[in-house]
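This report covers a helix pair and a set of salt bridges. The structure comes next.

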Amino acid sequence: MAPAGRPGAKKGILERLESGEVVIGDGSFLITLEKRGYVKAGLWTPEAVIEHPDAVRQLHMEFLRAGSNVMQTFTFSASEDNMESKWEDVNAAACDLAREVAGKGASIVGVNCRFGPDTSLKTMELMKEGLEWAGLKAHLMVQPLGFHAPDCGKEGFVDLPEYPFGLESRVATRWDIQKYAREAYNLGVRYIGGCCGFEPYHIRAIAEELAPERGFLPPASEKHGSWGSGLDMHTKPWIRARARREYWENLLPASGRPFCPSLSKPDF
């Protein structure tokens, strides 16, 4: 396997997918930038591309370093209805930022946002079956939430009482995301990324899990031991014992909240 880095040849996304290459998308912008103080919850409009372009650029760079090789524009809700006269400037600025970072490094169908990795993969299975039944061919894409939401309603995680400010207890671990990446790949999906709640370390988890297929690791893996291998240098023997794949694959993480339920009842 090649050391941390990325292939030098520039190819279009369809060309990459046609050749069988795995394409890794990016992750959360609205939820992440709200936590960082650059987006206001509610309409979730992306004025930050104009008001705080450095913050948006930095997040693009974090996803790029973590292994993403697709830069998506931060234009969610950037419509005339939501932003009045600002919408054209916001869309133009978002495209410029994505294009700037990308320069440093109906043929596709899939699902994006609203639901967690498990539900999204089940949806992809049904979608794949539907395409095969109809005799259609298309590249498959999946970009779920970075949250576990098996108890959400038909509108997805927005129905949960924790949305949007209390979702932290539902965040997927990096190991959850490695499992998701492998299952997506085995299903035949070649465009694999994430949406709300997907942080750069989640993207790195995808890149690391699929490094054997891609032939290289992302730059961010220089500071990250595979499956906790960096813990083998720890002074405590019980922590050194965690430096193995079996430990993290079989861990059932606790929330630390003794009086909280494991699932919620959707508001709708």
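Is Lys-35 buried, partly exposed or exposed? Lys-35 counts as partly exposed, at 42% relative accessibility. Buried means under 20% relative accessible area, exposed over 50%, and partly exposed in between (1.4 Å probe, protein chains only).

## Model basis

This is a predicted model: local features need pLDDT of at least 70, side-chain atom pairs count only at pLDDT 80 or more, and totals for chains, interfaces and linings use all residues. Residues are numbered from 1 along each chain as its sequence is written, and side-chain values use heavy atoms, leaving out hydrogens and water.

## Salt bridges

The count comes to eleven salt bridges. Each is a side-chain nitrogen of Lys or Arg within 4 Å of a carboxyl oxygen of Asp or Glu.

Lys-35 pairs with Glu-168 at 3.8 Å, N to O. Glu-168 is partly exposed, with a relative accessible area of 45%. Arg-36 pairs with Glu-62 at 3.0 Å, N to O. Arg-36 lies in the loop between helix H2 (30-35) and helix H3 (48-51), and Glu-62 in helix H4, so this bridge ties together parts 26 residues apart in sequence. Helices are DSSP runs (H or I, at least four residues), numbered from the N terminus. Arg-36 is partly exposed at 36%; Glu-62 is too, at 23%.

Key: Helix = DSSP H or I, 4+ residues; strand = E, 2+ residues; numbered from the N terminus.
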